Protein chains: 2
Amino acid sequence: MDERILLAHGSGGTLTHRLLREIVFPAFSNHVLDKCEDAAVVPLRGKCAFTTDSFVIQPLFFPGGDIGKLAVCGTVNDLAVMGARPAYMTAACIIEEGLRTAVFRKIVGSIAKAAKDAGVLIAGGDMKVVEKGACDKIFINTTGIGTITEGIRVSADNARPGDHVIINGTIGDHGAAVMSARKDYKLRSSIRSDCASLNGLIERLLNTVPRIRVMRDPTRGGVATTLKEIAVQSNVEITIEEDALPVTGPVRGFCEILGVDPLYMANEGKVLVFAPEEDARRVVSTMRKHALGRNAAVIGRVTRRCSSSDTPQVLLHTSIGSMRIIDMLSGEQLPRIC
Amino acid sequence: MDERILLAHGSGGTLTHRLLREIVFPAFSNHVLDKCEDAAVVPLRGKCAFTTDSFVIQPLFFPGGDIGKLAVCGTVNDLAVMGARPAYMTAACIIEEGLRTAVFRKIVGSIAKAAKDAGVLIAGGDMKVVEKGACDKIFINTTGIGTITEGIRVSADNARPGDHVIINGTIGDHGAAVMSARKDYKLRSSIRSDCASLNGLIERLLNTVPRIRVMRDPTRGGVATTLKEIAVQSNVEITIEEDALPVTGPVRGFCEILGVDPLYMANEGKVLVFAPEEDARRVVSTMRKHALGRNAAVIGRVTRRCSSSDTPQVLLHTSIGSMRIIDMLSGEQLPRIC
C-alpha cells in the first residue's frame with residue numbers, strides 16, 4: 001500500500017469526503033458524528049469540564065502507544081482530574097502532504113480504540129492538509145467535555161497542610177520511552193510509555209474517597225513542575241520523599257545514563273492525588289486494586305501553609321537526608337514529548 | 001522588538017508560565033480561565049452544539065483579518081449555523097520555534113478581540129512549540145460549545161421542495177483576498193476577506209423566522225460544495241440562478257484573470273439559509289437590516305425531492321439560459337485557505 005495523503009484531501013471537496021467515508025467515519029461511527037453537521041449536537045446538564053490539548057509528539061509511534069492513543073488519553077485525563085466523567089471529544093488533524101494513508105488509517109484506529117476504551121464519544125472532527133515541509137507528518141488536537149458529579153470539588157488550589165500526596169505508580173516512563181524511541185539517541189530499552197486513560201481509576205477513587213482535594217496529571221514538566229504549580233495555587237509548602245518515589249529500574253538506569261531527573265520527565269498515565277491524612281491509606285489501597293495503580297504510593301505531604309511573604313516551595317527530602325528545593329522545569333528537557 | 005518564541009516556551013515549565021502570564025492571561029482574562037485548572041469548569045444546560053476547527057491559513061495576516069480572528073469566527077459560525085448561541089471556546093496553538101513574540105502577541109490580541117466581539121468566553125487553551133521547520137509559523141485550533149434554544153431545529157438534512165435558498169451577501173471574498181495576499185500571485189487588489197462572526201445576524205434571523213430549515217456557512221469548497229452537501233443530506237435537487245449570485249466587481253475580475261469560479265471560493269462571513277418560500281422575503285429583509293447582510297439575496301430554490309434511484313444534484317441556471325451541474329470541489333483550488 002503506497003497511497004498517500006494529498007493536498008486535495010484537505011480541500012473540503014470530493015477527496016476530503018472520500019477519505020472521511022473510507023477511513024474516518026467507519027472508525028468512529030456513532031449517532032452524533034454520523035449526522036455530519038457543522039457542529040455536533042449533544043445533551044449536557046450541570047457543571048461541565050472543558051479542555052483542549054494539541055499533540056505534536058515525535059515519533060508518532062513509540063513503545064506503549066502512538067499519537068492517536070496519546071491524544072485521547074491526554075484529554076480524557078485532563079477531564080478526569082477535574083472530577084468529570086468524559087463524555088464527548090473532538091479530534092482535529094493537521095496532516096503533512098505525502099503522509100502514507102496507511103499511517104493515517106492506523107492513527108485513526110488508535111484514536112477510535114482509545115476513545116472506546118475510555119467510554120468517550122468522538123463527536124466531531126476536522127482535517128487540514130498542508131504542503132510538504134509545512135508540518136511534521138501529523139499533529140492532532142483533541143478537545144473534550146465531561147460532566148462533573150454533584151458534590152465533587154477537586155481543584156489545584158485546594159491542598160491543605162497535613163494532606164498526603166499520592167501517585168498511582170512509577171514516574172518518568174513516558175518521557176523515557178519517547179526519548180529512547182528517538183533515533184538520535186540510539187538507545188534500545190524495554191521502557192514503555194505509561195500512556196493510559198485514568199478516568200476508570202479516578203471514578204473509583206472518587207466513589208471511595210469523595211474528600212479528595214486535588215488531582216493533577218503530571219505530564220509535560222513532570223511531577224516536579226506539577227507539584228510546584230499546586231504549591232503556588234494552594235499557597236502551601238509540599239515536601240516529598242526521594243526514597244518513596246516509585247521509579248522502575250530501567251527508567252532509573254536510563255536517567256542516570258542521560259543525566260536527566262525522573263521528577264521532570266513526562267508521564268501520561270499518572271495522577272497526583274492530595275487527600276487528608278486519614279484517607280491516604282484508602283486512596284493507595286483503592287489505586288492498588290486497579291490495573292493502573294499497582295505501584296501506588298504516598299510520596300510526600302503538605303508541610304505548611306505559606307504566609308503572604310514567602311514563596312510556596314516544593315522540597316525534596318533526599319535519600320542521603322538533605323533537603324533540595326524543587327522548582328519548575330526550566331529550559332526544555334525534550335521537545336515534542338506529547 | 002526582536003524577541004522570539006523558543007522551544008522552552010512549550011516545555012510546560014518556567015518559560016511557558018512566563019509567556020502565559022505576560023501575553024496570554026492578560027489578553028483573555030476571565031473568571032473561568034483564571035482558575036488555571038487542567039480543564040475549565042463551565043455550567044451548561046440542555047442541547048449543546050460542539051465543534052472543532054484547525055486553522056493553518058497562509059499568510060497569517062491578510063486584508064480583512066488574520067489567523068486569530070479567523071479561528072474565532074470560524075468556530076463561532078459553525079455553532080451559530082446549528083442554531084446555537086456560542087458560549088465557550090478553547091484555543092490551542094502550535095508554534096514554530098523562532099516565531100517573533102510580537103507576532104504571537106498580535107494574534108493573541110486578535111483572538112481576544114474577536115471572542116469579545118462575538119460574546120464567547122475563551123475558557124481554556126494549550127500551547128506547543130515545535131522546532132524550526134516542523135510547522136509553518138503558527139497553527140491554531142479552536143473548539144467551541146454553545147447552547148441551542150428550545151424549539152430550534154436547523155439541520156442540513158432538513159431542506160424541502162419549494163424552500164428558497166438565501167445568502168447574506170457577496171461570495172468568494174475570503175478566497176480572493178487570501179489568494180491576492182499570497183506573494184506568489186503578485187496581485188494587488190482592494191479585495192478584503194469577509195471574515196466575521198455571524199452569531200448576531202443568525203440570532204436575529206432565528207428570532208424573526210424560527211421556521212428556518214437549514215443553515216450552513218460555505219467555507220472551504222465554497223457555495224458549490226456546501227450546496228451539494230445539503231442536496232445529498234436532504235436528498236433534494238437544488239437549482240441556483242447565476243444572475244442572482246452576489247459577487248463584487250473586484251472579485252469577479254480577479255476570478256476571470258485567474259480562471260477560478262467564485263462558486264468554489266471560500267467564504268468566512270457568509271451563511272446559506274434555506275427557508276419556506278413564504279418566509280424568504282422576511283429572511284432577506286432581516287439580513288439586509290444587519291451590517292453583515294446588506295447584500296443578502298435569494299439565489300435559488302429546492303426544485304424537487306429525489307427518488308431513491310437518482311443522485312441529488314445542484315443545478316446552475318446560467319446567465320445565457322443553460323443548465324450546468326454543480327459538483328463538489330474536486331482537487332484543491334488553494335491550499336491553506338483557512
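Between chain A and chain B, 43 residue pairs are in polar contact, both residues of each pair having pLDDT 80 or more; a polar contact is a pair of N or O atoms within 3.5 Å, where within protein one must be able to donate a hydrogen and the other to accept it, and where residues adjacent in sequence count only if both atoms are side-chain atoms. The structure is a predicted model, in which local features need pLDDT of at least 70 and side-chain atom pairs count only at pLDDT 80 or more, whereas totals for chains, interfaces and linings use all residues. Residues are numbered from 1 along each chain as its sequence is written, chains are lettered from A and ligands numbered from 1 in the order in which they are written, and side-chain values use heavy atoms, with hydrogens and water left out.

The elements that give two or more residues to the side of chain A that touches chain B are helix H1 (14-28), strand S1 (40-55), helix H2 (67-80), S4, S5, S6 and helix H6 (222-234) of chain A, helices (H or I, at least four residues) and strands (E, at least two) being DSSP runs numbered from the N terminus. Of these, S1(A) supplies the largest share, 15 residues. In total, 76 residues of chain A are in contact with 76 residues of chain B, contact meaning heavy atoms within 4.5 Å. The two chains bury about 5,900 Å² between them, 56% of it on carbon and sulfur atoms, where buried area is the accessible area (1.4 Å probe) that two parts lose on being put together, summed over both. On the side of chain A, the most area is lost to chain B by Asp38(A), Phe50(A) and Arg220(A), which together account for 14% of what that side buries.

Chain A can be laid on chain B by a turn of 180 degrees and a shift of 0.0 Å along the axis, with an RMSD of 0.0 Å, the copies being superposed by least squares on the C-alpha atoms of residues with pLDDT of at least 70 in both. That is the relation of a two-fold axis. The same surface serves both copies, since 100% of the contact residues of chain A recur in chain B.

Over all chains the structure holds 43 salt bridges, a salt bridge being a side-chain nitrogen of Lys or Arg within 4 Å of a carboxyl oxygen of Asp or Glu. Asp126(A) forms one with Arg220(B), the closest N and O atoms being 3.1 Å apart; this pair crosses between chains, from strand S5 of chain A to the loop between strand S8 (214-216) and helix H6 (222-234) of chain B. Across the interface of chain A and chain B ten salt bridges are found, and the side chains of Arg216(A) and Glu37(B) also meet in a salt bridge (3.8 Å, N to O).

An open sheet of eight strands has the order S5(A)-S4(A)-S6(A)-S1(A)-S1(B)-S6(B)-S4(B)-S5(B), with mixed pairing, two strands being paired if DSSP finds at least two bridges between them. Its edge strands are S5 (121-130) of chain A and S5 (121-130) of chain B, each of which pairs on one side only. Within chain B, strand S4 (residues 84-96) and strand S6 (residues 138-148) run antiparallel and are joined by eleven bridges, and Ile94(B) has Phe139(B) in S6(B) as its bridge partner.
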